[in-house]
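Hi,

Here is the structure I promised to pass on.

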Amino acid sequence: MKGERHYILKVISFILPAHDEEAWIGRSVAAVGAAAAGLPYEVIVVDDASADATAGIARAAGARVLRVEHRHIAATRNAGARAALGEALFFVDADTLVNAAIVREALASIAAGAVGGGCVARFEGRLPLWFKIASPVTEATVRVSRYTGGCCLFCTRAAFEAVGGFDEAQFAAEDLVFIRALRRRGRFVILREPVVTSGRNLRAYSFWKIAGMLARLALRGPAGIRDRERLDWWYRPKREKVAKPSGREEV
């Protein structure tokens, strides 16, 4: 494993899929830079059909920007992986802030033989009471089941290629399908260190709205995540208003 660890550390690739993420992308790219300080790394922002300033902000923050027109999260992540130079791949959502402890723990896990892993998510900002109550149970479930959301996943390039990347038949839950495929290849870990991600969807939708959307997906079965038109929460989400320097608010 010593040889593999040396090879992996030649370049670490951080792949950030983004669609209309001008409110977050600068912070997310900056967080990667701080987290990977002292390590050889690259940041690829895969700008999927954004109509805002996502690309310009990402470039100004030091990222390489790859423009695609998929509007398909699995295909967008795969496009970033194909363009990446690294042998360790981190898939980080554009509204997620990684830190140095995550990066180093992930690389140590890979060096110890893991094919990949993920993080428990901690949500920023004001959160509804129902979520605060449910959060400890959710976190415990993630750690016991070793299935987590896709806001911060990592794997070796060898494992990524062995499983064929993210399944592009899926328009949602592609992260869970990817994790299941990785687990068939070897050890998948949940890091001790949590990752901070946006709580905007929890603020934008009520408990009943979220529960209803999840119930409809469950009732439809696999067909429910293979039809983008039925997945408004993922592909046409509500955006919080962001204060601009002029004092003007934009979505």
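Predicted model: local features only at pLDDT ≥ 70, side-chain atom pairs only at ≥ 80, totals over all residues.

Numbering runs from 1 along each chain as its sequence is written, and side-chain values use heavy atoms, without hydrogens or water. Helices (H or I, at least four residues) and strands (E, at least two) are DSSP runs numbered from the N terminus.

On confidence (pLDDT is the predictor's own, per residue, from 0 to 100): the chain mean is 85, and 79% of residues reach 70 or more. Residues 1-8 fall below 50, and this stretch has twelve contacts in the model beyond near neighbours in sequence (contact means heavy atoms within 4.5 Å). Residues 243-251 stay under 50 too, with 15 contacts beyond four places in sequence.

Overall, the protein chain has eleven helices and twelve strands. Of its 251 residues, 48% count as buried (under 20% relative accessible area with a 1.4 Å probe, protein chains only; over 50% is exposed and in between is partly exposed). Taking contacts between residues at least 6 apart in sequence, 75% join residues at least 24 apart.

Back to β8 (152-156). Five of its five residues are buried, so the strand is largely enclosed by the rest of the structure. Cys152, Phe154 and Thr156 point one way, Leu153 and Cys155 the other.

The buried residues in α8 are Glu174, Asp175, Phe178, Ile179, Ala181 and Leu182. Seen down the helix axis, they fall within an arc of 165°, so they line one face (the arc is that of the directions from the axis to the C-beta atoms). The length of α8 (residues 174-185) agrees with expectation because its twelve residues should span 16 Å at 1.5 Å a residue, and the end C-alpha atoms are 17 Å apart (expected span: 1.5 Å times one less than the number of residues).

α4 is largely enclosed as well, because eight of its eleven residues are buried; among them are Arg77 and Asn78. Its cover includes β1 (12-18), β2 (41-48), β3 (64-68), β4, α7 and α8. Of these, β1 and β2 pair in parallel over seven bridges, and Ile12 has Tyr41 in β2 as its partner. β2 is mostly covered, with seven of its eight residues buried.

Finally, α5 (residues 100-111) reaches 16 Å across its twelve residues, close to the 16 Å expected. Asn99 caps its N-terminal end, with a side-chain oxygen 3.1 Å from the backbone nitrogen of Ala101. Just after the helix, Gly113 takes a positive phi of about 115°. Buried residues in α5 include Glu105 and Ser109.

Cheers

Conventions
Polar contact = N/O pair within 3.5 Å; in protein donor to acceptor, adjacent residues only side chain to side chain. Pairing = 2+ DSSP bridges.
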